[in-house]
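The following paragraphs guide a new reader through a structure, one part at a time. Please keep the sequence and the model in view while reading.

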Amino acid sequence: MKASRVLQIVPLKFRPTDDGALLFADDAGGYFKADQDFLERYVDDSLTQSDHRFLDVNGHAFDGVGDLAYSGFEYRFASRLYSPAELDYVILVPTLRCNLSCGYCQVSRVNETTPGFDWNGETLQAVLRFLGGLSTKRIKIEFQGGEPLLRLDVIRHVQAFCRSKFDHCEFVICTNLQEVSPEAWAVLEEPHVFTSTSLDADRATHQAQRTKNAQKTSSFFDNFDAAVNRLGPNKISALPTINPTNPPPATAVIDTFVGYGIRSIYLRPVNHQGFARKRFDARSSASSWNRYHSSFIDALIDFNWDADAPLEEYYFTHCLRRVLRSGHNHHADLRNPNIIGYSYVVIDHDGKFYPTDEARMVSRVGQFDLSMGDVFSGIDRDKIDMLNSEALNNFHPDCVHCPYQAFCGVDLVDDLSRYGRIDLPKHLTDFCQRHTYIFDKIFSLIYSEDPKVGKSLAIWSGAPRFDSSFAKVHR
Amino acid sequence: MIDLRLKVDPLPIVEPLVVRLLDQPVDNRTEHDAIILDIDGDRREYEYHGFSFTVYARPHESLDGDVLLVLPGQASAHRLIRANSNHNTFLVTEQCDQLCVMCSQPPKKYHFDLFDQLAIAASLAPRDAVIGISGGEPLLHKERLFQMLFAVSASRPDLRFHILTNAQHFEPQDAERLVALGSDRILWGVPLYSANPKTHDRIVGKEGAFASLERGLATLMRAGASVELRTVVLQQNWEDLIGVAEFIATRLGFISVWAIMQLERIGYGRMNWASSFKDTSADFEQAARAIDIVTARGLKAWLYNFPLCSVPQDYRGYAPSTISDWKRKYLDFCDGCGARETCGGFFQWYDHKEGFNGLGPI
Ligand code: SF4
Ligand code: SF4
């Protein structure tokens, strides 16, 4: 029977799923599964009354422009668009010098004794002038390097300045925790100071990838133990860098983090830069990463089933919430449009501004100059704004056909750094391959009937239980 | 129980009078202030523009900063603002265009316009107070209401309002003044009982109410207004709760909070208790799923007026203490309960014989 009520249906995109069905989604992130017959009715414009009823209730239809269903759809669509807030987050690189020499970090460091890669007095003064000119009342400062603890003096200056200027300050110190002086401990222990470090899965992996010898490995783990004890697991985060061609077993990573009482694990693939990157073909590295990540998520689901204190993989949780919610735009790695250079900036060791840390790397290996002025003469966004004008997936010829578009984002700096261009067909990019995988994975879990999966999804989505209505199938 | 009316010696007035009672002179003195002269037992004598004004109250009860409305010829005054309470509500009209099965304030035919007096009373409220506005349906007198809101917002930018409305009377052109009032100044409490128009209309006793409500909510959304969506759980809509949750997820992503509320046994709520009260201590499943759905969607759900022990453990965090101090009571078995501090207890007019079956100290 054909429908009698004149409903308007919003555009739907679809993608086949493993179980032979089709996943449909709209521009505001509403989704459901249906079969080939429904697709044909949709294409032929011969939807039935029951199709209409379903599409109406599930938020894919409206009677007229401006009615509540239409406005609700608009609201969900609009809140998925990121618009940069005022600048309140500054990443500082006071030195490129480092007391470690990790395999994949050749471009972002120099040896501990190399002169000429530090802020001098003038740079510090210019940075403070810049911070002094910000209009925000709350500031987040992240110290990166190199090893920023080699410039504790700078950290303290910046802290003192910020505390006198802003109502609320948060400091993150990204350190390798290799050598921590008593003065440095005192800083890390202060309120509103957070420590971020790298912990590559387990002792063996950490040593192979970072510390190289047993003695340095021990000093890291001693300091890490001390940090967890002195600061507490809520003031410290540890990122495991994973080499997808030779990854540690998921259970080894899980055991390590559980042992330290850290419940959120943010897996990062090794980020090769420059020549090292060229050796890894983008396609194969994404697929080995995706395979590993998927098995890691499965291991977490197993772990959480009978764990007292559950775990999450930070980025997976973020993407899951982006599927379920509008307005979940706080993570800089996944935004649409991905406007950079506004709500946060990086200030390098030579005082140059960059829109992101990745842009700093790209510039450092000489691929492109993505700097945007310096602290001496001010921010100059001309180049970056050209990039920003393309940093939107809504009109991208590949993304417009993708049901994951509303959840996904863009990362043009990543495209530039890998391929030297931003106009590759999306499915050839590492970004698209990783995100296609992650949303495929999310939907396979959402539609899973395994109670173990349901338990983890509940935890990761923030609800007491994961409701079966999130797995709608229209027949 | 706290008195919302106080006995007074009638004043020789022809117009309603708003008076603020003060124990001592304050910096921001107004022409509406009465200063205490003498306390004798439950009798308090105030000086008001050279006249004596007598109020009766329990000896230890503070009236300092309270605002009273005295009507000509009446021997009792309305205590419009209790300075030390967060639960001050102005009942601006008793008229209503709906007739809800659970109405706690059944509508009356006639309306006495006291908006001018209420505007004065609001201007005398303590700093940063939140003033409730309810009815009846306040927006039946939309122009007068907006006048009052604009007047008070201009003189007292620190005040906030919580306005209960059935949202039947917003027009698209109201969006402009809603924006002008500011979205953080007013929280609109708007009831929605079912995503099924027929069920909603039946519960509120008005045909077409759901359709008007949809239009009103669309206007509030466009104006960027703050909305607390309110759903009283009833036998009549228990099976529709998940539908409401999904309606919120698809259409009402802008709301600040969804309040899932237990029934108040007063007014029509008392009359229809047997056919309407849903014992959620025996069966909580639909409410649980509704909370699961909107929470995963990143929206806030709260359970209002649920005694904590009626709620399964995983959902107790959603049940803040919400029953106003002057309406609240506890039962015998609450004495030994470890949750009493955080539990909102029961309405004074709750009758346990007809109430929840599965309660007990936790
Ligand atoms: S980048 Fe790929 S996964 Fe993301 S929206 Fe575009 S086509 Fe889809
Ligand atoms: S026993 Fe009384 S105080 Fe305790 S949770 Fe139940 S109603 Fe609340």
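**A guided reading of the model**

Leaving aside neighbours within four places in sequence, B:A122 is in contact with B:I81, B:F90, B:I131, B:V152, B:R156 and B:L159, where contact means heavy atoms within 4.5 Å. The model is a predicted one, in which local features need pLDDT of at least 70 and side-chain atom pairs count only at pLDDT 80 or more, while totals for chains, interfaces and linings use all residues. Residues are numbered from 1 along each chain as its sequence is written, chains are lettered from A and ligands numbered from 1 in the order in which they are written, and side-chain values use heavy atoms, with hydrogens and water left out.

B:A122 belongs to helix α1 of chain B, residues 115-123; helices (H or I, at least four residues) and strands (E, at least two) are DSSP runs, numbered from the N terminus. B:A122 has a relative accessible area of 0% and is therefore buried; buried means under 20% relative accessible area, exposed over 50%, and partly exposed in between, with a 1.4 Å probe and protein chains only. Helix α1(B) lies across β2 (17-22), β6 (67-70) and β7 (76-81) of chain B, and runs at about 55° to β7(B). For such angles, axes are lines fitted to C-alpha atoms, for helices over the stretch in contact, and the values run from 0 to 180 degrees between N-to-C directions.

The strands of chain B come next. Seven of them, in the order β1-β5-β4-β3-β2-β6-β7, close into a barrel with mixed pairing. Neighbouring strands of this sheet are turned by 40° against each other on average, direction ignored. Two strands pair if DSSP finds at least two bridges between them. Strand β3 (residues 33-40) and strand β4 (residues 43-48) of chain B pair in the antiparallel sense over 5 bridges. B:D38 stands opposite B:E45 in β4(B). From B:D38 to B:A122 there are 84 residues in sequence and 27 Å in space, C-alpha to C-alpha.

Another strand of chain B, β9 (residues 130-134), holds B:S134. Because its relative accessible area is 13%, B:S134 is buried. Not counting residues up to four places away in sequence, B:S134 touches B:T89, B:F90, B:L91, B:V92, B:T93 and B:L164.

Side chains of opposite charge can pair when their charged atoms come close. B:D66 is buried at 1% relative accessibility, and B:R79 is buried at 6%.

In chain A, A:D357 forms a salt bridge with A:R360. Both lie in helix α13 (residues 357-364) of chain A, 3 residues apart, about one turn of the helix. A network of salt bridges links A:R97, A:D118, A:R151 and A:D153. Within it, the closest N and O atoms of A:R151 and A:D153 are 3.0 Å apart. A:R151 is buried at 14% relative accessibility, whereas A:D153 is partly exposed at 42%.

Key:
A salt bridge is a side-chain nitrogen of Lys or Arg within 4 Å of a carboxyl oxygen of Asp or Glu.
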